[in-house]
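Trainee: I have a model open and want to learn how to read it. Where do we begin?

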Amino acid sequence: MTDITIKIDGKEIKTQKDRFVLDIARENGIEIPAICYDPSLKAFGGCRLCIVEITKNGRSKIETSCSARASDGMEVKTQTEELREKRRNILQLLLDSHPNDCLTCQKAGTCLLQKYAYEYDVKFRDHDGAKREENYDLSSPYIYKDNSKCILCGKCVQICRQVEERAILSFADRGYDSYIACDLGEDFAHSYCVSCNRCVSICPVGALVDRRLMGKIRNFEGETKEVKCKVCDYGCDFNLHSKDGKNIAVTAKKPGSGRPLCLKGRMMTELMFLDNPDTPYMKGAGEFKETNWMTVTGLNNVYKKIEKIEDKGE
């Protein structure tokens, strides 16, 4: 790539042509708020929080930094009062449609909407306008879905589709009635979802939460360390959550390149690391049913094979 020079908030930066402005800014310690952006996903530009003022050839305009590409001589401003006011308006609209339950939400402390609302001094307010309807999917023991908290950032849709044979989640309806739907238009239990929790790992708010974590611990409690799944060569990363000296939960980290995440690997990781793992479940005929650890981890087939081999040897 061709080296170019741009300015961000007066700081001269050498970089490569056509890279996204948001990436360049963050690499150089310049924070630009963004909720729908993730470097592993295609630029979506849905939340609009990452807007910046870009001047090229003497002309200035406001663009989303997650989709604006760098060019030589470009000047970028990220924190003008106009930009901050526009961001405050965006955040206010999001909060106006959002349930006011931050004190009890599982994502408190890691929610990006909460983080930016605090930074921009935006608060919940009473109003007579529309709010997103309460609509919960409690059909899965692994994923809790709350459409009333969804901000339609699209991250879950994109990350689900990175594994070609999955593509479970998509946008449904139009306008204010839009929501994230499962492939068969029903709940997780009646979909082709494999409970990998890719969507949960990237959700920036409390719309998608690991159900086996809920009510046990939040990010500001206890301790968290990274562990690796040992089931296959992908070696997916998980967080092990501990409290009062006990390992109480495992959650999937955002998948890296080529790492699909899967239920078998997650359950094996729970079995290996948790002191008292919850009951495992498997899906069949439109519902999740309790099962045993030998079945959910696939070890029953291994055990049967070993028995068969040993019986022949007697």
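Mentor: With one side chain. This is a predicted model. In it, the side chain of S148 makes a polar contact with the side chain of D146, at 2.6 Å.

Trainee: Where in the fold is S148 found?

Mentor: In a loop. S148 sits between β7 (143–146) and α4 (155–161).

Trainee: Is S148 buried or exposed?

Mentor: Look at relative accessibility; buried means under 20%. S148 has 3%, so it counts as buried.

Trainee: Which residues does S148 touch, not counting those up to four places away in sequence?

Mentor: S97, H98, P99, R132, E133, E134 and N135.

Trainee: Let me try a cysteine. Where is the place of C50?

Mentor: C50 is also in a loop, this one between α1 (21–27) and β3 (51–56). Its relative accessibility is 2%, so C50 counts as buried.

Trainee: Which residues is C50 in contact with, leaving aside neighbours within four places in sequence?

Mentor: I32, P33, A34, E63, T64, S65, C66 and R87. C50 and E119 are 69 residues apart along the chain, and their C-alpha atoms are separated by 14 Å.

Trainee: Now an annotation. Which residues does "domain: 4Fe-4S His(Cys)3-ligated-type" cover?

Mentor: Residues 82–121, according to an unreviewed UniProt entry. Take the label from the record, then look at the model. The span 82–121 is 57% helix and 0% strand. Its end C-alpha atoms lie 15 Å apart.

Trainee: And pockets? What is the general idea?

Mentor: Rolling a probe the size of a water molecule over the atoms shows where empty space is left. Here, the largest pocket has a volume of about 690 Å³.

Trainee: How many residues line the largest pocket, and which lie nearest its centre?

Mentor: There are 27 lining residues, with K107, T110, V200, S201 and C203 nearest the centre. The elements that give two or more residues to this lining are α5 (198–202), β10 (208–210), β12 (237–243) and β13 (246–252). By class, the lining has 11 nonpolar, 9 polar and 7 charged residues.

Trainee: What volume does the second largest pocket have?

Mentor: About 330 Å³. It is lined by 15 residues, and L93, L94, C150, I151 and L152 are the closest to its centre.

Trainee: What is the lining of the second largest pocket by class?

Mentor: It has 9 nonpolar, 5 polar and 1 charged.

Key. Residues numbered from 1 in each chain as written. Predicted model: local features only at pLDDT ≥ 70, side-chain atom pairs only at ≥ 80, totals over all residues. Heavy atoms only, no water. 1 Å grid on protein atoms, 1.4 Å probe; cavity = no way out; pocket = protein on both sides within 12 Å on 5 of 7 lines; lining within 4 Å. Points joined across faces, edges and corners; volume = space filled by probe spheres on them. Helix = DSSP H or I, 4+ residues; strand = E, 2+ residues; numbered from the N terminus. Nonpolar A, V, L, I, M, F, W, Y, C, P; charged D, E, K, R; others polar. UniProt positions renumbered as here; feature names shortened; annotations may be inferred. Buried < 20%, exposed > 50% of the residue type's maximum accessible area, 1.4 Å probe, protein only. Contact = heavy atoms within 4.5 Å. Polar contact = N/O pair within 3.5 Å; in protein donor to acceptor, adjacent residues only side chain to side chain.
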